[in-house]
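User: I have a structure open here and want to talk through how it is put together. Can we start with the ligand site and then move to the sheets and helices?

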Amino acid sequence: MLSIDNLHASVEDKTIIKGLNLEVKPGEVHAIMGPNGAGKSTLGYVLSGREGYEVNEGAATLNGKDLLDLEVEERAREGLFLAFQYPVEIPGVSNMEFLKESVNALREHRGEEPLTAAEFLKKAKAACKQVNLPLDFLKRGVNEGFSGGEKKRNEIMQMILLEPSLCILDESDSGLDVDALQVVADGVNSQRDGQRSFIVVTHYQRLLDYIKPDFVHILADGKIVKSGDASLALEVEKSGYAFLGKAYEEAD
Ligand code: ADP
Ligand code: MG
Ligand code: MG
């Protein structure tokens with residue numbers, strides 16, 4: 001599914017990702033933890049092709065295609081979903097119109113018939129219900145005046161409707177309360193189907209109580225320095241990042 005090989009990337013001439021390797025197979029859930037400033041969010045941005053993030057070395061393929069060579073929209077069409085990719089407010093465009101357009105663009109790419117307004121509405125209603133958002137939410141402008149919790153629910157609703165093959169969720173800095181945490185976890189768990197893969201970036205071991213990851217990786221100073229199963233997250237919860245050495249003891 002996703003294969004990252006010796007990735008080096010920089011922002012504003014500052015090298016942040018320094019030789020990162022990661023393999024994600026279909027159906028797997030990978031959690032990425034690590035001290036603040038390690039490069040976790042940067043990794044997500046680089047993979048999604050955000051402007052200003054430069055790849056200096058290495059490769060990344062998604063379903064065998066050179067991911068780094070694709071335009072942002074093409075990455076999405078190849079099935080990549082980055083949860084914080086659509087955080088901008090789009091005044092005058094309703095959530096409903098925006099999502100319907102996005103879903104039908106993906107369907108067209110996959111050679112599927114576009115959903116009719118009625119078909120889309122049915123799916124959107126179900127998704128709203130699942131993330132516990134009132135239906136009139138669909139009529140509001142994209143992210144216009146959404147609260148933090150609503151943005152989070154909306155993000156998960158987008159994920160459900162877009163049916164991506166690889167989802168990257170960055171939960172590091174969002175200050176999730178238990179309620180929102182549960183929405184994220186339920187959303188991920190409901191979309192796990194043995195084919196769809198997830199990379200969940202988190203500071204909170206708590207989230208991983210609800211989303212049982214197949215693998216946990218510790219990202220520090222731009223590299224994955226340790227990988228293990230779910231028990232690695234518990235180890236971090238207990239002892240912090242002291243095992244990384246002096247430089248990280250203070251972080252977070
Ligand atoms: P994490 O998500 O692991 O906390 P980030 O990926 O957000 O870390 O940041 C990694 C490092 O890159 C930090 O030192 C941060 O200050 C730096 N960084 C991130 N974005 C920029 C930017 N636009 N310009 C300069 N430095 C940046
Ligand atoms: Mg951070
Ligand atoms: Mg971050």
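User: Which elements each supply at least two residues of the shell around ligand 1?

Analyst: β2 (14-24) and α1 (40-48) do. Helices here are DSSP runs of H or I with at least four residues, strands are runs of E with at least two, and both are numbered from the N terminus. This is a predicted model, in which local features need pLDDT of at least 70 and side-chain atom pairs count only at pLDDT 80 or more, while totals for chains, interfaces and linings use all residues. Residues are numbered from 1 along each chain as its sequence is written, and chains are lettered from A and ligands numbered from 1 in the order in which they are written.

User: Which one gives the most to that shell?

Analyst: α1, with three residues.

User: And which residues come nearest to ligand 1?

Analyst: G37, A38, K40, S41 and T42, out of the 13 residues around ligand 1. A residue is near a molecule if its C-beta atom, placed from the backbone, lies within 6 Å of it.

User: How do the shell residues divide by type?

Analyst: Three are nonpolar, seven polar and three charged. Ala, Val, Leu, Ile, Met, Phe, Trp, Tyr, Cys and Pro count as nonpolar, Asp, Glu, Lys and Arg as charged, and the others, Gly among them, as polar.

User: Sheets next. What is the strand order in the open sheet of six strands?

Analyst: The order is β6-β9-β10-β3-β11-β12, and the pairing is mixed. Two strands pair if DSSP finds at least two bridges between them.

User: Which strands stand at the edges?

Analyst: β6 (80-82) and β12 (223-228). Each has a single partner strand, so one side of each is left without a neighbour in the sheet. Neighbouring strands of this sheet are turned by 20° against each other on average, direction ignored. Angles run from 0 to 180 degrees between N-to-C directions, and axes are lines fitted to C-alpha atoms, for helices over the stretch in contact.

User: What does α1 touch on that sheet?

Analyst: α1 packs on β3, β6, β9 (166-170), β10 and β11 (215-220), and its direction makes about 145° with that of β9. Contact between two residues means that their C-beta atoms, placed from the backbone, lie within 7 Å.

User: Is β3 buried or exposed?

Analyst: Five of the five residues of β3 are buried, so the strand is largely enclosed by the rest of the structure. Buried means 20 or more other C-beta atoms within 10 Å of the residue's own, exposed means 12 or fewer, and partly exposed is in between, with C-beta atoms placed from the backbone. V29, A31 and M33 cover one side, and H30 and I32 the other.

User: What does β3 pair with?

Analyst: β3 (residues 29-33) pairs with β10 (residues 197-201) in the parallel sense over four bridges. There, H30 stands opposite I199 and I32 opposite V201. β3 also pairs with β11 in the parallel sense, over four bridges, with I218 as the bridge partner of M33.

User: And the sheet of four strands, what order is that one in?

Analyst: It is an open sheet in the order β2-β1-β4-β5, with antiparallel pairing. β2 and β5 (65-66) are the edge strands, each pairing on one side only. β1 (residues 2-11) pairs with β2 over eight bridges, where V11 is partnered with K14. Eight bridges also join β1 to β4 (residues 53-62), and S3 stands opposite T61 there.

User: Where does N63 come in?

Analyst: N63 is in the hairpin of β4 and β5, which has two residues between the strands, and takes a positive phi near 50°. Two bridges join these strands, and L62 has K65 as its bridge partner.

User: Switching to helices: how do α5 and α6 cross?

Analyst: The axes of α5 (residues 148-162) and α6 (residues 178-191) come within 10 Å and cross at roughly 5°. That makes α5 roughly parallel to α6, a term for angles under 35 degrees; over 145 is roughly antiparallel, 65 to 115 roughly perpendicular and the rest oblique.

User: Which residues meet there?

Analyst: From α5, G149, K152, R153, I156, M159 and I160; from α6, D179, A180, V183, V184, G187 and Q191. They divide into six nonpolar, three polar and three charged.

User: Last one: where is T116 found?

Analyst: In the loop between α3 (95-109) and α4 (117-131). T116 is exposed, with 11 other C-beta atoms within 10 Å. T116 and K100 are 16 residues apart in sequence and 9.2 Å apart in space, C-alpha to C-alpha.
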